Amino acid sequence: MARVIVRGISVSTGFAIGKAVFVNRRHRSELPRQTIQPALVPGEETRLREAFATVEAELATARDRIPAELKEHKHILDSHLMILKDPKLAGAAAKLIRELGVNAEWALEKAVAELEKAFGVLDDLYIRERLQDVRVMSDRVMARLLGTVRELLAVEGRVIIMAHDLTPADTVALEVSKIMGFATAQGGKTSHTGIMARTLGIPALVGVSDLEDAVNDGDLVIMDGVGGRILVDPDEDELAEYNELEEQFEQYQRRIYRGCQLPAETIDGYRVQVQANIELIEEVAAVLDNGGEGIGLYRTEYSYLNRIDLPGEDELADKYSDLAAIMSPRKVIFRTLDLGADKTIASFGALEEANPAMGLRAIRFCMQHPELFKTQLKAIARASAYGNVSIMFPMISGLREVRRAKAKLREAQEELRTEGKRFNQEMPIGIMIELPAAVMIANLLAEEVDFFSIGTNDLIQYSVGIDRTNPHVSYLYQPLHPAILRSIKHVVDAAHQAGIEASLCGEVASDPFCVPILMGMQIDCISLSPQAIPGIKRIIRQARMSECKALLREVLACRTVGKINRLVRDTIFNKYPEELTFFASLLDNDDLGG
Ligand code: PEP
Ligand code: MG
């Protein structure tokens with residue numbers, strides 16, 4: 001038995017066996033407050049400024065030397081550089097030195113603590129992650145001030161990186177070919193470490209709370225990115241077991257990538273479009289490499305998040321047009337801004353809302369900020385001249401809302417016409433179906449638009465009444481709840497009756513247990529993260545439509561989600577025993593829930 005096993009959130013699948021090396025640990029040693037003689041205050045300020053400047057220079061160098069594999073993450077380094085330049089950190093610390101006559105270390109720690117106090121109370125995933133970035137940057141400056149900088153690795157052989165938190169700058173300073181995996185104590189599902197690990201194709205765990213106590217430098221560890229565990233000092237049997245799993249995983253990866261450019265067509269000739277969800281334009285390479293047949297969901301709000309100002313129309317139009325042109329003739333669906341709730345932008349700040357998930361978000365937010373909305377609509381319309389572009393409005397709850405959104409688009413197009421700018425007048429318009437109200441009137445909404453895209457992440461949240469981010473009720477997140485299945489089927493049928501396309505872009509689209517059921521409903525298109533595409537395409541290519549329809553019929557006859565989960569699990573495991581070894585499914589809690 002391993003000496004100890006710690007658990008974390010798997011953000012990148014796979015296995016690694018190797019030596020653990022810490023790049024950093026939490027250093028929360030007490031920083032004494034020292035009073036500085038007035039005459040020495042300017043010198044103390046200079047010391048602080050120089051520490052910031054040194055870290056900034058390090059980061060800028062790392063940014064210029066970024067390895068090709070991580071090039072697409074340059075923007076993260078930019079945002080870290082922005083934190084270093086932001087007066088709210090360096091300026092606030094300098095002010096404390098001046099006003100209180102204290103040492104630079106104490107002033108810096110106090111400035112960060114105040115930022116954490118001011119923003120940390122907000123239950124907002126995005127802000128929490130940005131605060132982590134601020135902490136990481138201030139730790140680097142602090143290490144300079146304290147003279148405790150640990151030069152980044154000159155590692156012997158390949159290792160598994162352990163860290164309190166790993167900055168993109170740390171990562172690019174490492175020789176990526178030597179890294180077999182990452183684990184960090186900090187971080188959530190959307191943290192940068194996970195994004196980079198997926199890009200590099202290595203396993204990663206974040207949020208491993210006991211990491212720093214349980215693992216020592218040099219320990220032999222097994223990183224299990226499928227099960228979300230780290231085995232410290234494994235025994236011979238465990239090593240043999242994981243060596244075998246690692247080998248199987250590699251073979252499996254090779255097999256699925258081999259077929260990923262083939263169409264997702266069942267044995268009996270039914271074809272499903274498999275498109276990709278992206279947050280950043282830089283992910284396009286991963287979309288094409290993994291066999292994405294288009295972009296079914298571009299979450300445009302992400303490029304508004306890591307910045308203080310708002311992007312202008314020309315900047316957006318250039319970016320969007322590039323994306324449309326690169327993907328052409330493949331489709332790109334631009335989802336208009338889904339800001340609000342957990343995604344706030346610096347220019348507007350967070351609203352005081354008791355229930356932000358049910359508050360001013362997505363299309364509602366855009367309607368309250370018509371200039372912001374129009375800028376984006378014009379940019380998307382301009383991109384439509386360069387490729388196969390569609391537009392999609394999120395969180396639509398009724399006819400009036402979709403008509404108003406369309407009217408705004410027409411206004412934007414009218415302005416472009418007056419300005420003599422080109423756009424495709426026939427650009428398809430779709431909506432996301434994410435609210436039970438939209439499900440119920442799907443037949444009416446279908447008359448207004450060219451396609452539906454079902455957003456199950458939100459549809460489940462709003463149908464079952466569970467906050468997506470609340471761990472206390474996450475056991476009720478059940479994609480195969482009879483109410484959810486009936487809702488999806490109802491929407492797909494309404495779309496088909498009206499002769500429009502039905503797509504699905506929530507996480508359900510990457511779950512091998514759910515996809516055959518969606519196929520039974522004759523979904524036209526699924527859209528999922530690029531890395532999940534090869535595996536799902538392979539499952540579709542081994543399926544028969546007749547079997548999917550039979551499974552759907554059986555599932556619809558069941559009365560409880562527990563029964564459905566067991567039935568689906570048995571059926572799918574029987575059919576794809578080998579395929580499912582390396583998938584982490586959504587169907588975790590089959591005995592619970594309605
Ligand atoms: C969804 O709600 O399912 C969806 C795809 O949108 P997001 O996850 O961005 O809310
Ligand atoms: Mg959504």
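Across the whole structure, a predicted model, 7 aromatic pairs are found, where rings of Phe, Tyr and Trp (its six-membered ring) pair if their centres lie within 6.5 Å, and planes under 30 degrees apart count as stacked, over 60 as edge-to-face and the rest as tilted. Y298 and Y320 make an edge-to-face pair, with 6.1 Å between centres and 85° between planes. Since Y298 belongs to strand β11 (residues 294–299) and Y320 to helix α12 (residues 313–327), this pair ties together parts 22 residues apart in sequence; helices (H or I, at least four residues) and strands (E, at least two) are DSSP runs, numbered from the N terminus. Y320 also pairs with F334: the centres lie 4.8 Å apart and the planes at 55°, so this pair is tilted. F334 sits in strand β12 (residues 331–335), 14 residues from Y320. Y298 and Y320 are both buried, as is F334 (buried: under 20% relative accessible area, exposed over 50%, partly exposed in between, with a 1.4 Å probe and protein chains only).

Elsewhere, ring pairs join F15, Y242 and F249 into a cluster. Charges meet rings too: the charged end of R422 sits over the ring of Y386, 5.6 Å from its centre (NZ of Lys or CZ of Arg within 6 Å of the ring centre and within 35 degrees of the ring normal).

Turning to helix α15 (residues 399–418), this element holds Q413, which counts as buried because its relative accessibility is 11%. Leaving out residues up to four places away in sequence, Q413 touches A381, F423, N424 and M427 (heavy atoms within 4.5 Å).

Residues are numbered from 1 along each chain as its sequence is written, while chains are lettered from A and ligands numbered from 1 in the order in which they are written. In this predicted model, local features need pLDDT of at least 70, side-chain atom pairs count only at pLDDT 80 or more, and totals for chains, interfaces and linings use all residues, with side-chain values using heavy atoms and leaving out hydrogens and water.
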